[in-house]
Amino acid sequence: MKQGSNGHSTLQWRQKIAGKFEPLPQYLIPVLQFVQTEAGYLPPEAMTATAEYLRVSESKVYGVASFYAQFHFEPRGRHIITVCRGTACHVRGSAAILKDVEKKLGIPAGGTTPDMNFSIETVACFGSCALAPVVVADTTVHGRQSSSSTSRIVDRLASETPELEPKKNPAKRAKRTKAAASAAGGKKILKPKKH
Ligand code: FES
């Protein structure tokens, strides 16, 4: 039985999906959203199960998932720190903020900490240029940021769940994940990816 990294086989995903949705092709996006919520990303086993259950091709499932920025094919951190690299934010210091948060977490933009607690992403523009520089922590937009205020956000997220507190020397333990390498970019619900 094909088993995913999150422990669910294709059959198990199919059963989970069948418990929530009718086997109709029009449920493709809701099913993908369900899987993304359940697993935090779209495991290949779930993609196969989705195609089988909804009776659509896997290429169609991957094609739709690839089109929307909300879907991810690899695991991401529990907390996502997204730094805007747009012009307005850049001229107000976003590059320094990004550099400092990378240093703090010990990972590059696009990376995920080895303990899967934090990922750093970037976006071309949040559309909130008047608030530049902008950092989004999970789903909360923080305007007029500095390195220190962003650092406090990371600390607060970590302290809210003590076991998430960044380690003292994260740089020594950091590694760049394949997932995060492709994770940069704007992440709005059902916002098409730029190709
Ligand atoms: S450039 Fe950062 S919000 Fe527009």
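This note goes through the fold, the helix packing and a few backbone details of the structure above.

1. Basis of the note. The model is a predicted one, in which local features need pLDDT of at least 70 and side-chain atom pairs count only at pLDDT 80 or more, while totals for chains, interfaces and linings use all residues. Residue numbers start from 1 along each chain as its sequence is written.

2. Overall composition. The chain has nine helices and four strands, where helices (H or I, at least four residues) and strands (E, at least two) are DSSP runs numbered from the N terminus. Read from the N terminus, the order of elements is α-α-α-α-β-α-α-β-β-β-α-α-α. Of the 195 residues, 32% count as buried; a residue is buried if 20 or more other C-beta atoms lie within 10 Å of its own, exposed if 12 or fewer, and partly exposed in between, with C-beta atoms placed from the backbone. Among contacts between residues at least 6 apart in sequence, 68% join residues at least 24 apart, a contact being a pair whose C-beta atoms, placed from the backbone, lie within 7 Å.

3. Helix α1. In α1, which spans residues 10–18, the buried positions are Thr10, Trp13, Arg14 and Ile17. Viewed down the helix axis, these buried residues fall within an arc of 100°, so they line one face of α1; the arc is that of the directions from the helix axis to the C-beta atoms. They pack against α2 (28–39) and α3.

4. Helix α3. Eight of the eleven residues of α3 are buried, so this helix is largely enclosed by the rest of the structure. The buried residues are Glu45, Ala46, Met47, Ala49, Thr50, Ala51, Tyr53 and Leu54, and they pack against α1, α2 and α4.

5. α3 against α4. Helix α3 (residues 44–54) packs on helix α4 (residues 58–67) at an angle of about 120°, and their axes are 8 Å apart. Here the axes are lines fitted to C-alpha atoms, for helices over the stretch in contact, and angles run from 0 to 180 degrees between N-to-C directions. That angle makes α3 oblique to α4, given that angles under 35 degrees count as roughly parallel, over 145 as roughly antiparallel, 65 to 115 as roughly perpendicular and the rest as oblique. The crossing of the two is right-handed; a crossing is left-handed if the near helix is turned anticlockwise from the far one by less than a right angle, and right-handed if clockwise. Met47, Thr48, Thr50 and Ala51 of α3 make the contact with Glu58, Val61 and Tyr62 of α4. By class, these residues divide into four nonpolar, two polar and one charged, where Ala, Val, Leu, Ile, Met, Phe, Trp, Tyr, Cys and Pro count as nonpolar, Asp, Glu, Lys and Arg as charged, and the others, Gly among them, as polar.

6. α2 against α4. These helices pack at an angle of about 70°, with their axes 11 Å apart, and they are therefore roughly perpendicular to each other. Leu28, Ile29 and Leu32 of α2 meet Val61, Val64 and Ala65 of α4, which gives a contact with six nonpolar, no polar and no charged residues.

7. α6 against α7. Helix α7 (residues 147–160) packs with α6 at an angle of about 35°, the axes being 9 Å apart, and the crossing is right-handed. From α6, Ala96, Ile97, Asp100, Val101, Lys104 and Leu105 meet Ser147, Thr150, Ser151 and Val154 of α7. This contact has five nonpolar, three polar and two charged residues.

8. Positive phi values. Arg55 has a positive phi of about 60° although it is not a glycine; this residue is in the loop between α3 and α4 and, with 9 C-beta neighbours inside 10 Å, counts as exposed. Met116 also has a positive phi, near 65°, and is likewise a residue other than glycine. Met116 belongs to the loop between α6 (94–105) and β2, and is partly exposed, with 15 other C-beta atoms within 10 Å.

9. Val123 is in strand β2 (residues 118–123) and counts as buried, with 20 C-beta neighbours inside 10 Å. Its C-alpha atom is separated by 7.3 Å from that of Gly86, 37 residues apart along the chain. In the loop between β2 and β3 (135–137) lies Pro133, and the peptide bond from Ala132 to Pro133 is cis, with omega near -5°.

Notes:
Two residues are in contact if their C-beta atoms, placed from the backbone, lie within 7 Å.
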